[in-house]
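This briefing reviews the packing, ring pairs and charged groups of one model. Please consult the sequence and the structure shown here alongside the text.

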Amino acid sequence: MATNRYKFIIELLLLKLGHRLQAKEIKEKLKFLIEQASSLDPNLARRLDEINRWVKDIKVGSLTAKPFVLAFLLEVIADSTVWLVIQSLPTEEEQQAKFAQMTPTERYWYQYLFPKWLNETDPKFGIWRQKLMAGEFNQADNDIIKLIAKDIVRREGSFWQRYIADLSMATDLIISNSQQKPLCIQVTSVSEELNQHKYQYWKNTLVLWEIERGLFFSYNPAEVNFINELVNVALFNSAYLSGGKYLKFY
């Protein structure tokens, strides 16, 4: 299928870029993308220049020892490369044809959330960059999120995961079912007494980014079947949750 082929191309790009970054080409790659973006998308050039200034004085060996920083850079470079390929196409029809090759979750990211992040102020960007660089970032629910993503794919849905979506947009995963309607979800195991505060913070973040609907799932690790339950709820609401709704589920 075209969608699978396109996803494979993005994954292959990430692997190749990972090799290049470890081969001491990170600064050259960022500078190259900044030059390309300067004529095609000045907002992308500005954002990449901001990232380049953040890492330019760090030795490559030290950067390699920061896996989350490295992973974030890989994603940004891959996303910027895809975005510039699309922006360089001469007609709107060709651009839309490229979007049509993507899965619904990829398309939602590249057609809506990624350009929104480029074009608007990100109030959290400086904070989480600092945490990434200081090694203070951890993905406590990462194993759970991987299991959720695996089950969604098994049920013929699709998912998308990005550091920017997680840290700036309070979205662990963007998922979609067979009806191809992307839904932003966040997963947490915080105690019930802390849930309301975190839920409100999450909802406010989605509203800020004009994400029209979302699912906040609080799970109990002691529950045996919570992965299956979460995926059931996520796929159902991907299809049927109406706009302007931010559902909290225990």
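Leaving aside neighbours within four places in sequence, Phe72 is in contact (heavy atoms within 4.5 Å) with Ile51, Trp54, Phe125, Trp128, Leu132, Tyr163 and Ile164. The model is predicted: local features need pLDDT of at least 70, side-chain atom pairs count only at pLDDT 80 or more, and totals for chains, interfaces and linings use all residues. Residues are numbered from 1 along each chain as its sequence is written, and side-chain values use heavy atoms, with hydrogens and water left out.

- The largest nonpolar core has 53 residues, among which Phe72, Trp109, Trp117 and Ile164 touch the most other members.
- Two or more residues of this core come from each of helix 2 (26–40), helix 3 (42–55), helix 4 (60–64), helix 5 (67–87), helix 7 (104–119), helix 8 (125–134), helix 10 (163–169) and helix 11 (192–208).
- Helix 5 supplies the largest share of this core, nine residues.
- A second, separate core of 21 residues includes Leu215, Tyr219, Phe226 and Leu235.
- A nonpolar core here is a set of buried Ala, Val, Leu, Ile, Met, Phe, Trp, Tyr and Cys residues joined through side-chain atoms within 4.5 Å.
- Buried means under 20% relative accessible area, exposed over 50%, and partly exposed in between (1.4 Å probe, protein chains only).
- Helices (H or I, at least four residues) and strands (E, at least two) are DSSP runs, numbered from the N terminus.
- In soluble globular proteins, nonpolar side chains tend to be buried together.

**Aromatic pairs**

- The structure holds 20 aromatic pairs; rings of Phe, Tyr and Trp (its six-membered ring) pair if their centres lie within 6.5 Å, with planes under 30 degrees apart counted as stacked, over 60 as edge-to-face and the rest as tilted.
- Phe68 and Phe137 form an edge-to-face pair, 5.1 Å centre to centre with 85° between the planes.
- Because Phe68 lies in helix 5 and Phe137 in the loop between helix 8 and helix 9 (142–154), this pair ties together parts that are 69 residues apart in sequence.
- Phe68 is partly exposed, with a relative accessible area of 26%, whereas Phe137 counts as buried at 12% relative accessibility.
- Trp117 and Phe125 also pair edge-to-face, at 5.3 Å centre to centre and 85° between the planes; both residues are buried.
- A cluster linked by ring pairs joins Trp54, Phe72, Trp83, Trp109, Tyr110, Phe114, Trp117, Phe125, Trp128 and Trp160.

**Salt bridges**

- The structure holds 10 salt bridges, each a side-chain nitrogen of Lys or Arg within 4 Å of a carboxyl oxygen of Asp or Glu.
- In helix 3, Arg47 and Glu50 lie three residues apart, about one turn of the helix, and their side chains meet in a salt bridge (3.4 Å, N to O).
- Arg47 and Glu50 are both buried.
- Helix 3 also contains Asp49 and Arg53, four residues apart, about one turn of the helix; their side chains form a salt bridge at 3.1 Å, N to O.
- Asp49 is partly exposed at 30% relative accessibility, and Arg53 is partly exposed with a relative accessible area of 49%.
- The side chains of Arg154 and Asp151 meet at 2.7 Å, N to O, in a further salt bridge.
- Arg154 and Asp151 are three residues apart in helix 9, so about one helical turn separates them.
- Arg154 is exposed, with a relative accessible area of 59%, while Asp151 counts as buried at 10% relative accessibility.

**Two buried lysines**

- Lys124 is found in the loop between helix 7 and helix 8.
- Lys124 is buried yet has no salt bridge, and Asp122, the nearest side chain of opposite charge, is 7.1 Å away; Lys and Arg count as positive and Asp and Glu as negative, with His and the chain ends not counted.
- The side chain of Lys124 makes a polar contact with the side chain of Tyr201 (3.3 Å).
- A polar contact is a pair of N or O atoms within 3.5 Å; within protein, one must be able to donate a hydrogen and the other to accept it, and residues adjacent in sequence count only if both atoms are side-chain atoms.
- Not counting residues up to four places away in sequence, Lys124 touches Leu167, Ser168, Tyr201 and Thr205.
- Lys29 lies in helix 2 and counts as buried at 17% relative accessibility.
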